[in-house]
Structures are given as C-alpha cells and as structure tokens.
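Please look over the structure below before reading my comments. They are in numbered points.

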Amino acid sequence: MRVGLFIPCYVDQFYPRVGAAAVRVLRRFGGPDLTLEYPEGQVCCGQPMANAGLPHESKPLAETNLRTFAEFDAVVCPSGSCTSMVRNHYGPFLEGQPGFEELKAKTYEFCEFLTDVLKVGSPSGRFPHKVGLHPGCHGLRELRLGSGSERNVEPFDKVKSLLTGLEGLTFSEPARPDECCGFGGTFAVNEEAVSVMMGQDKIADHKQAGTEALVSPDMSCLMHLEGVLRRGGDKQTRVLHVAEVLEEATRET
Amino acid sequence: MKTAEHPDRARAFVADDARAHWHDESLWFVRTKRDKQAHSVPEWERLRELGSQIKRHAISRWPDYLEEFEKNATALGAKVHWAANAEEHNRIVLGILQEAGVEKVTKSKSMLTEEVHLNPHLIRNGIEVTDTDLGERIVQLREETPSHIVLPAIHLKREDVSETFNQHLGTEAGNADPAYLTEAARQHLREKFLGAEASITGVNFLVAETGGFVVCTNEGNADLGTSLPRLHIACTGIEKLVPRAADLAVYLRLLGRSATGQPITTYTSHFHGPRPGGELHIVLVDNGRSDLADDPQFRDILNCIRCGACINTCPVYRRSGGHSYAATVPGPVGSVLNPLHALTPMIAGEDAREGERGDAHGSLPFACSLCGSCTDVCPVKIPLHHQLLALRKTVGDRGLLPWGKRIQMKAASTLLNSPKLFGAVGKIARKALPVLPKMAVYNRLNAWGNGRDLPPAPPKSFKQMWRDELKAESAQPSSNGAGDAPR
C-alpha cells in the first residue's frame, strides 16, 4: 500500500517532531507492505479561509491536494480537523471532479488508520506517565473517533484504545473530558478572550486530575493549550501528539 | 464593523472572572443533568431521529397541516389568526385586547412574543403586561431582556434578585434567602393573576389532527394565567406544528430531558378550544419561517423545540453570557436564527432592537469554535455547527466581513497554496522569532499572545526533516515486534 502523508501546515512549521513520530510509527506498524511518502506538492487543507467565511479562497488549495494525492492508495493525516476538512467539507469545491470520491474514502486520520486499516489493536510498549487525553472536537464529533459524552451510544474511543496496552500508563480523569479547548482556528484570535478562558479552564481541569502528559490527536488544540500552560509558568507538563507517545513507547531500546 | 460586536461583549463578560466561572458552572450543571437523563433512555438516539423526521415531514407539508389545524381548532371553538410578520402579529393581539376592553394582561413565557417585541407594543398602547414566569418577571422588573430561552435570569445571582425585589416589591434589603424571595414573588404575582383580564401564552406544540395545543412550564404560571380570565391568546410560530397527537409522545420525552434534565416538564397542559364561557385566540406567525423552509441548507433550524440544550452545552455561551449575543435567542440556535432573520427582509418591526436588521448579528456565526457539541445534544438533530459554518459564508458573500479580513485571507490563500512560498516565509519566521525582542512579538497586534505563548520555532520544517533524514530512514522495529521487516 502506497501511503501519502498529509502533514498539516502548522505541524510542518512548528511541530516537525510530530510528523517525524507519525512517519516512524506508520513504518513500524505498517510492515513491509506499506510504502510511506511525503508528496511535497501538498498544501494546507484550507480551513482558515473556509472558517473565516471565505471558502472560495480555500478552493484552489482543495484542488491542489486532490491532484497531489491522486496517485496514493491512502492519505494519512495526524490531525482530526484537517482530515475532516477533506472528508466532510471539500464537497462544495470538488464535487464531481474525478478522484474526489476516492480522496474522501481514502483519507484517514492517523489514529483511525492505525485502528481501522492497520488494525494494530492496543500495542504493547512502555509509557510510565499519567496521561490526560484531549480528544479534539473534529476528530471526536466530525470523524467519530470516539462516542463522546453527548450521545447515548455504545462507548468507544479509538484514540484511547491505542494507548491502553502501554505499560506504566495511567489515564487522568478530567471532569469535562471532551469539552472544547477553545482553539477553534481563527476563533482563537477573533474571540481571544473566550478562547483563552476556555484554554485556562481546560488546563485547570487537567491539573486537578493530575495530568502529567497532555496528549491529543490534534496538535492545533495542543498549540493553544501549550501556549496557555507555558504562559502560566508550567514548564513541566509534557504536551504530546498521540503519534509521539506511540513512537516513544514502542521504540526498541 | 458589526463583526466585532460579540467579541467585545464577550470580553467584558470574561473580565469578571469569578462571575464568568460561576455562570459557566451553573450551566454545565444543567448540561450534566441533561446527560444523565439522555443516558437513562436506551432509545434516546432513536427518539432524536424521530424528532427530526417528524418535524421535517410536517414542515414539508406545512400548507396541508396548517389548514388541518385551523379547521380542527375552529371546530373546537377557537379563533385562528394568521400573521405574516411581527407587525401583523402585534396588531392582531392588540386588536383582540382592545375589542375586549382589556387593560391588564398576564403573560407566560413565550419566546415568540420576545421575537416580535410584543410587550413594548402593548405597553405603548396603554396595556399593562406582566410576565409571570419567575425568571422573566425578574428581568422585566430590571428592564432587561432574557439571557436564556429556558432560564431567562440565569445571568443573575440571588443577591441581584434580592436587590431587584427590594427596589420593586419592597422586600427586606439584603435578604437573599431563596424561600423568602420566592414567596415575595408568589404574593406579587398572585395579585397580578387576580387582576388580569386576559392571558397570553406561548405554545410548545400545535397538533394538526386535533386542533389542540400544548404548553409546557415548570411553574404552572400558564395554567394559573389561563384559568382566571375568560380571554386566552396563544401566540406561536408555525414551526410548532406536529401532525398527530401521538407525536407528542416523542417530543415530550425529548423536551424536558434536553432542557433541564427532567423526565418531563412539571406542567404539560393540553388546550382544546376555549374553556366554557371563555374565548380562545390562536395567532399563527410566519415572520420569515416559510422563507427558511424553502432553504435546504437552513430549513432544519425549524425543527427547533426551544429546549436550550445547545445553549447549555455551548462553551462560548457559558463563558460570554446571553446578553453578549444582543438578540432574543442566544447561543448556537440564536447564532443561526438571528442572522438568518436579519438577512431576510421581514424582521421584528418597529420595536426591533438597535441593529437587528440587515448586517446585524454578523459576528454571531463566528462566536463559535465549531466544536459540534450543540449538534450532538440537539434532540431534533439540527446540524447547528454546520449551519453556523455555512452562515459564515453567507456573511462573507454579502460583503459583510471587514476589508482587512478579506485581504488577509486572500493573501493566506496565495501563500498557503504555494509550497515554495510557504516554505520560504515559514523559514524566515522560524529564524526570526527566537531572536526578536519580546516586545516585537508580544504586543497588542498579536491577539494570540495576550494569554498564550507562541509555539516553538524549531530549526527545521517537517519538509526539511523529510528530505534530510526521514525519507531514507528505514523502519525501526518496535519493542513488540510490529513491522519487523525493514526496507
């Protein structure tokens, strides 16, 4: 299987270590049948413009990505939000274009690719930390990586299932496990006061729950939360993408 | 520019940290009560699906069902009136009251009468209107508007209520005992009930098949209000219509649980025609609703049963308060309804608040982090956060976004669509950030940096890492043997 890695623009610039961890984990669990490539023609998913009310500015980006990933069997992205943009919000730009239905069907968020395609189950390894999981709203409610607290359905959590086999890992239990962190893309700047308050509340909830490592499948939430944490003087709490936890925990020593 | 409005009001609310957190906690408590109830009904998701489909069906056949309702209600002895907009509605209600020589009227909670600004219209014409829902009475005495559709005075602490009652009802200064204050309100309202010559209520559900309607309250004020005077006027939007009485079995189970986490509202009163010797008028209001029904993108908003669950779960509402929306209905549902109404030609009439027309409410679809919790709590499955996103486009299409934002996003599109340019600009920024003086990075132009540090500025982008090391790297076997064949 030829897999094209789709790296969010802000991960490319600010969190290359997350992309690197995703590469290593995918190679480690993908086995010999998985060929991983990073097509350099890829661009941002287009969310900033679409969420600002100007989706026509996102259309060229959607078209670029459609072309760039046409040759791959699967597209894997370490972000629920960017994955949802492709799967759920590219319709108005690409409806009817050749390859669009395939693109939607073959684009996976990193965790769901591991659970649903590679079927890795709960890998063994070691991560001796108290982990506070932050699901990320788009992964949770637009991609259904988990059941969420609102709906009355059989509980499941694809992200958590990837971590439950790790030795030494315990989960902290924040009081509001899936409330929004307040990032929200351009919302973080437009509604700065509410956004920062939401971030501070999220951090306070994780602190009272004893979180040592704040972990999420979405680095954009973590960029916001890490900003709040560090501004508050906390240099201790680790802030990690799920891919980084898996990479560190399953690395051969 | 209008789009700056909600953020400014929200900032003022957030500035009182203790009060903002108290508000957030109060509403989160209601959300958790709702969760308990929703999770105690095994068929909850099926009920939501039914709730959505029945309304969709009813709306798709409005003309038939509305006529059926009118025929059956008339046969029961009620008089049915049709109002195309707010002005017509207010004229009809005033006309009925004047004809009957009414000077004092009680009103039980009705968001419709808030939407069309009935109170100021009646008061201007010499009629005394008393809101009888406790929360509504409190905000009425304070000359405020409700800050929530189910909990109109949720923005007030009991100390605030104590002060208001001291001023208007003569209660003891500083006595904030809830039992004492409630008793004072009860005595005060009892007088109003006894003196009223007519009663106005809202409606929760109109039933086409029977011509009856249902009013749900927790205080019994609608029942007391309608039991005393001989004249009852029920004011309602046409979206309250359901085809059959049996459909109530779906909605009454959803409503109380979603609204306040109760299995059912305390009082669920069914009205079928006027009481003996009485007079019953039902005013059916369109006010932009049939335009919405024609819009495939937004028509599901008409499913709304006004439970307020989306408001209680909204992380932005809880932290910015109902008045930050400057609209009759706040929160996610209000952020859809108000801009839609303002963008359609017919709107609230002469008593519309400052900026309720045209480009008003343009900032509301942006008062949202697109978290989607509203969509998942909604008992009638309105895709609220998708509608909010779509409305942002509507605001953009109407040219209502600030000029600066449009230029900024055009530039972003060009930059982000060019991997070479993006890489070059990113590289410069990452090199500059660590060496720039703090003042050049954290200043009032950088809204990110007011409460948050910027992300790290690593030496290499991912693309560079891929070229330099990752591309050629072979699979490192994991400790548990997964992926054991390096290439």
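This is a predicted model: local features need pLDDT of at least 70, side-chain atom pairs count only at pLDDT 80 or more; totals for chains, interfaces and linings use all residues.

1. Residues are numbered from 1 along each chain as its sequence is written, while chains are lettered from A and ligands numbered from 1 in the order in which they are written.

2. Chain B has 22 helices and 10 strands. Both are DSSP runs, numbered from the N terminus: helices are H or I with at least four residues, strands E with at least two. The C-alpha trace of chain B spans about 90 × 55 × 50 Å along its principal axes. Of the 487 residues in chain B, 49% are buried (20 or more other C-beta atoms within 10 Å of the residue's own, with C-beta atoms placed from the backbone). Take contacts in chain B between residues at least 6 apart in sequence: 74% join residues at least 24 apart. Two residues are in contact if their C-beta atoms, placed from the backbone, lie within 7 Å.

3. In chain B, helix α16 (residues 331–343) and helix α18 (residues 384–397) have axes that come within 9 Å and cross at roughly 35°. Axes are lines fitted to C-alpha atoms, for helices over the stretch in contact; angles run from 0 to 180 degrees between N-to-C directions. From α16(B), the contact includes Pro332(B), Val336(B) and Leu343(B). Among their counterparts in α18(B) are Leu388(B), Leu391(B) and Val395(B). The residues of this contact divide into nine nonpolar, three polar and no charged.

4. Chain A gives 73 residues to the contact between chains, and chain B gives 70. On the chain A side, α2(A) supplies the largest share, nine residues. That side divides into 35 nonpolar, 21 polar and 17 charged residues. Here Ala, Val, Leu, Ile, Met, Phe, Trp, Tyr, Cys and Pro count as nonpolar, Asp, Glu, Lys and Arg as charged, and the others, Gly among them, as polar.

5. Chain A holds an open sheet of four strands, in the order β8-β6-β9-β10, with parallel pairing. Strands pair if DSSP finds at least two bridges between them. β8 (170–171) and β10 (238–241) of chain A are edge strands with a single partner each, so one side of each has no neighbour in the sheet. Two bridges join β6(A) to β8(A). Val131(A) stands opposite Phe171(A). α13(A) lies across β9 and β10 of chain A, at about 175° to β10(A).

Terms used:
A residue is buried if 20 or more other C-beta atoms lie within 10 Å of its own, exposed if 12 or fewer, and partly exposed in between; C-beta atoms are placed from the backbone.
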